Amino acid sequence: MTKTTTTKAQANRIAIQKAQIEELTKVSMTGFIQNTYSNEMELYIRSSNDRAATGLGVQNDGWKMVDTMRFLRMMKLQQEIRFAEYWLPKQENRLAQKNQWVKHWLMRRDGTEISENNFQSSKAEAHAAQHAVVFLESQLKDAQVAYESEFGEGFSTHKGNVPASNTGANDIGEEELAELKALGVDI
């Protein structure tokens with residue numbers, strides 16, 4: 001196997017993995033819930049079992065299209081919203097902590113291999129934490145939009161959920177901020 005064959009194989013593997021990741025990001029839990037938990041059926045609905053006692057006539061009885069899983073879909077969407085609202089503040093705190101470590105290792109970066117590895121690993125951890133925050137925010141937004149469009153009212157476990165702002169960004173100089181922005185770490 002030559003070097004160019006290995007490089008082509010690696011490039012092909014990377015392209016396949018990128019396509020798989022892109023495909024996975026298209027699928028959302030909210031869409032899955034809406035597709036899985038829906039079942040339109042035609043059911044015979046009777047207004048009352050005892051028509052003589054209630055005085056109801058036959059005019060309300062009949063076959064009607066009913067979504068038999070509407071209540072379960074509502075519960076699942078509420079569960080998804082609760083999950084995202086619970087974990088989002090925790091993940092934002094984790095991101096703030098990872099950003100602090102990026103700043104810590106940036107200031108201790110002296111050109112040695114160990115300091116460079118520490119900086120690069122802290123930067124990678126910050127990227128992962130940032131991705132998790134963005135993912136949870138998008139899942140929360142999707143679930144809330146789906147819930148409101150389907151059931152006509154919003155749902156939240158707590159109103160006025162304001163994401164925590166990043167603090168401590170004043171400790172870094174303009175040049176270091178520009179370098180971190182170029183590296184993709186948002187502080």
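Predicted model: local features only at pLDDT ≥ 70, side-chain atom pairs only at ≥ 80, totals over all residues.

1. Asp67 is buried, at 16% relative accessibility, where buried means under 20% relative accessible area, exposed over 50% and partly exposed in between (1.4 Å probe, protein chains only). Its salt-bridge partner is Arg73, with 2.5 Å from N to O; a salt bridge is a side-chain nitrogen of Lys or Arg within 4 Å of a carboxyl oxygen of Asp or Glu. Arg73 is also buried, with a relative accessible area of 4%. A network of salt bridges links Asp67, Arg73 and Glu150.

2. Residues are numbered from 1 along each chain as its sequence is written, and side-chain values use heavy atoms, with hydrogens and water left out.

3. The whole structure contains four salt bridges. One of them joins Glu125 and Lys98 at 3.4 Å, N to O. This pair connects distant parts of the chain, with Glu125 in helix H5 (residues 113-151) and Lys98 in helix H4, 27 residues apart. Glu125 is partly exposed at 40% relative accessible area, whereas Lys98 is buried at 15%. Another salt bridge is formed by the side chains of Glu116 and Arg109, at 2.9 Å, N to O. Here Glu116 is partly exposed, at 24% relative accessibility, and Arg109 is partly exposed, at 31%.

4. On the overall fold, the protein has six helices and two strands; these are DSSP runs numbered from the N terminus (helices: H or I, at least four residues; strands: E, at least two). Their order along the sequence is α-α-β-α-β-α-α-α. Buried residues account for 24% of the 187 residues. Of the contacts (heavy atoms within 4.5 Å) between residues at least 6 apart in sequence, 70% join residues at least 24 apart.

5. How many aromatic pairs are there? Rings of Phe, Tyr and Trp (its six-membered ring) pair if their centres lie within 6.5 Å; planes under 30 degrees apart count as stacked, over 60 as edge-to-face and the rest as tilted. The count by this rule is five aromatic pairs. Among them is the stacked pair of Trp101 and Trp105, 6.4 Å centre to centre with 20 degrees between the planes. About one helical turn separates Trp101 and Trp105, because they are four residues apart in helix H4 (residues 70-107). Trp101 is partly exposed at 41%, and Trp105 is partly exposed at 23%.

6. The pair of Tyr147 and Phe155 is tilted, because the ring centres are 5.6 Å apart and the planes stand at 45 degrees. Tyr147 is buried at 2% relative accessibility, and Phe155 is buried at 18%. Ring pairs also join Tyr147, Phe151 and Phe155 into a cluster.

7. A surface feature remains to be noted. Phe71, Leu72 and Met75 form a nonpolar patch with about 280 Å² of accessible area together. Patches are made of residues with over 30% relative accessible area and no salt bridge, with like charges joined within 9 Å and nonpolar side chains (Val, Leu, Ile, Met, Phe, Trp, Tyr) within 5 Å; accessible areas come from the Shrake-Rupley method with a 1.4 Å probe, and for residues only the protein chains shown count as cover. Met75 lies in helix H4 and is partly exposed at 31% relative accessibility.
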